[in-house]
Amino acid sequence: MPETDNAAGDLPKAKEAAMYVPMTEEQIQAAHVGRLAPLGGPIHIVDYDQEWPRLFEREAERIQAALGDRVLLLEHVGSTSVPGLAAKPRIDLLLVVADSADESAYVPAMEAAAYVLRIREPNWYEHRLFKGPDTDINLHVFSPDCPEIDRMLLFRDWLRSNASDRRLYERTKRELARQDWKYTQNYADAKTAVVEEILRRARGDGGEEAHEDDSS
């Protein structure tokens, strides 16, 4: 089974980098439904694949068929949603339902469609995460008005439109992927400072554009 991480949409769980404390192994294990095995090798970053949007559309159709009008929002997020950006070959999806904590309202329908619940985080916006029946995905589930929804979409949309920060983020990911990590969440946590720097610019309170690196 592919490794699971609970970083939302390829982002570390941070509102402000100065406030953020990386997850401990105990917290990572506690959030996981079932056994969580450590990574068996390095983080795998690949060049952007034109197939990723099609894979998202296929998953979106399956989820919509399973849940019908219980789907309030369904978006492609994370690095695979940004054209031209290298990424882990794993499709991140954002699903918003009326109450992500009310598992009886949507988990049985998802399981009937062969999705598997892997993450349950009551203390972090009642986040839930599913793996898919075949394609390597992380399906993140939140309730309406969760601030993480806007954060994920803002980060995605900014990287889609800002080539400089897109290159900065890709360089950071490739550098970190060359290091050894026990869990994918640890790798996501390590991106916190750069992610928050980019988000500040996306919100309009970061000042200058990202500096170019001629060596990249």
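## Salt bridges, cores and a helix pair

At 10% relative accessibility, Arg201 counts as buried, whereas Glu197, at 28%, counts as partly exposed. These values, like those that follow, come from a predicted model. The side chains of Glu197 and Arg201 meet in a salt bridge, and because the two residues lie 4 residues apart in helix H7, they are separated by about one helical turn.

The structure holds 18 salt bridges, among them the following pairs.

| Salt bridge | N to O distance |
|---|---|
| Arg128 – Glu103 | 2.7 Å |
| Arg151 – Glu148 | 2.8 Å |
| Glu197 – Arg201 | 3.0 Å |

Arg128, in strand S4, and Glu103, in the loop between S2 and H3, link distant parts of the chain, being 25 residues apart, and both residues are buried. Arg151 and Glu148 are likewise both buried, but they stand 3 residues apart in helix H4, which means that about one helical turn separates them.

Helix H7 (residues 192–203) also packs with helix H5 (residues 163–177) at an angle of about 170°, their axes being 10 Å apart, so H5 is roughly antiparallel to H7. In this contact, Asp165, Leu168, Tyr169 and Thr172 of H5 meet Val194, Val195, Glu197, Ile198 and Arg201 of H7, a set that divides into 5 nonpolar, 1 polar and 3 charged residues.

The largest nonpolar core has 24 residues, and those with the most contacts inside it are Ile63, Leu95, Met110, Phe130 and Leu139. Helix H2 (52–67), strand S2 (91–96), helix H3 (107–112) and strand S5 (137–142) each give two or more residues to this core, with the largest share, 7 residues, coming from H2. A second, separate core of 12 residues includes Phe155, Trp158, Val195 and Ile198.

Conventions
Residues are numbered from 1 along each chain as its sequence is written. This is a predicted model: local features need pLDDT of at least 70, side-chain atom pairs count only at pLDDT 80 or more; totals for chains, interfaces and linings use all residues. Side-chain values use heavy atoms; hydrogens and water are left out. Axes are lines fitted to C-alpha atoms, for helices over the stretch in contact, and angles run from 0 to 180 degrees between N-to-C directions. Angles under 35 degrees count as roughly parallel, over 145 as roughly antiparallel, 65 to 115 as roughly perpendicular and the rest as oblique. Contact means heavy atoms within 4.5 Å. Ala, Val, Leu, Ile, Met, Phe, Trp, Tyr, Cys and Pro count as nonpolar, Asp, Glu, Lys and Arg as charged, and the others, Gly among them, as polar. A nonpolar core is a set of buried Ala, Val, Leu, Ile, Met, Phe, Trp, Tyr and Cys residues joined through side-chain atoms within 4.5 Å. Buried means under 20% relative accessible area, exposed over 50%, partly exposed in between (1.4 Å probe, protein chains only). A salt bridge is a side-chain nitrogen of Lys or Arg within 4 Å of a carboxyl oxygen of Asp or Glu.
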